[in-house]
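Here is a short tour of one model.

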Amino acid sequence: MRTLYIVGGQQKDRIADEWHQYQKGVIVQLDLDNKQFIKSLEYISPQEVCPNQDPSIVFKAGTVKNKQLYVCTQTEILIYSLPQLNQIGYLSLPCFNDVHHIRPNHNGNYMVVNTGLDMVVEVDPKGTILKEWNVLGQNPWERFSRTIDYRKVLTTKPHQSHPNYVFLLGNDIWVTRCLQKDAICLTKSNHHINIGGSLVHDGVLVGNTIYFTKVDGHIVAVDAKTLKVKIEYDLNDFSQAKNRLGWCRGIKVLNDDTVIVGFTRIRPSKNGLQGAPLFEQENYILPTRIACYHLSQGKLLWEINLEPYGLNAVFSIHSEDE
């Protein structure tokens, strides 16, 4: 049995600003071969690591390594064993705010995309901060204070970059920058991947190709050696639906031709990301779901509605064999 793990969160029963929007983190486990639900895990952060006023609790993008799933809430890192989904690790630091992605490095340390502070942080499993990068090349603490517990701060928006995903090319550390619509290398200056278009997420390396998603339903494949875009797919052209697809984020590559992509049904909010396309409520009757596409044939193969399982937002999609 091939198993998928879809990471995200459950929305509250009311429309709210995004920093109040979610009530729990959720991981849904699915049987990929039979397209059947197996089980789900729900998580609520302890009060001491959340803002005091109506916090938003959600799992954002994760990573699988050695059959361990590394996930993050906005203020925490959690590690689960697979396939049991037993929690085996935990870390929360005062500098964490709106964390969007966690990845273990080759050396066993954690690479944390600390979006609220426009940073990437390298931290060891005991919580010692080893390195901090501002993703715009600035002093990491020029706009922020080391004395503030940012876990208690509802939001630091507007962000200047909104980094959301960290990936490795060899020993080099890269980060995807949503607002700049690109990816940059943190360990080698002037190394850059220009993506452009709509807001960018992900940065999933498979073989010699890096896969990015755009919120408007595009997938961009980049050559990991030349750092140039090889091809861009518009998933809107693959579907007969008259409605817009939803907020596209999260990708699992099955092979060169087949990918699974996450779509989130967006509730209207006046506080969306700067530069985001206008999403109107009537355009989003399609549910939060994962969808499988054959890219070279331009076909939608299947979809699974995730809302019956308590998942209203998708941030990443994984298998045990990553």
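Strand E21 (residues 258-264) and strand E22 (residues 289-294) run antiparallel and are joined by six bridges. Within this pair, Ile260 has Cys292 in E22 as its bridge partner. Strands here are DSSP runs (E, at least two residues), numbered from the N terminus. Two strands count as paired if DSSP finds at least two bridges between them.

The model is predicted: local features need pLDDT of at least 70, side-chain atom pairs count only at pLDDT 80 or more, and totals for chains, interfaces and linings use all residues. Residues are numbered from 1 along each chain as its sequence is written, and side-chain values use heavy atoms, with hydrogens and water left out.

**Two open sheets**

E21 and E22 belong to an open sheet of four strands, ordered E20-E21-E22-E23, with antiparallel pairing. Its edges are strand E20 (247-253) and strand E23 (299-305), each pairing on one side only. From one strand to the next, the twist averages 25 degrees. Axes are lines fitted to C-alpha atoms, and angles run from 0 to 180 degrees between N-to-C directions.

Another open sheet has four strands in the order E16-E17-E18-E19, and its pairing is antiparallel. Strand E16 (200-206) and strand E19 (229-234) are the edge strands; each pairs on one side only. Neighbouring strands of this sheet are turned by 20 degrees against each other on average, direction ignored. Inside it, strand E17 (residues 209-214) pairs with strand E18 (residues 218-223) over six bridges, in the antiparallel sense. Thr213 stands opposite Ile219 in E18.

How many cavities of 30 Å³ or more does a search of the whole structure find? The search finds three. A cavity is a set of points, on a 1 Å grid over the protein atoms alone, where a 1.4 Å probe fits but cannot get out; lining residues have an atom within 4 Å of a point. Grid points are joined across faces, edges and corners, and the volume is the space filled by probe spheres set on the points.

| Cavity | Volume | Lining residues by class |
|---|---|---|
| Largest | about 140 Å³ | nine nonpolar, six polar, three charged |

Ala, Val, Leu, Ile, Met, Phe, Trp, Tyr, Cys and Pro count as nonpolar, Asp, Glu, Lys and Arg as charged, and the others, Gly among them, as polar.

The largest cavity has 18 lining residues; Pro51, Ser56, Gln74, Thr75 and Leu154 lie nearest its centre. The lining of the second largest cavity includes Glu18, Trp19, Gln74, Leu154 and His159.

Methods
1 Å grid on protein atoms, 1.4 Å probe; cavity = no way out; pocket = protein on both sides within 12 Å on 5 of 7 lines; lining within 4 Å.
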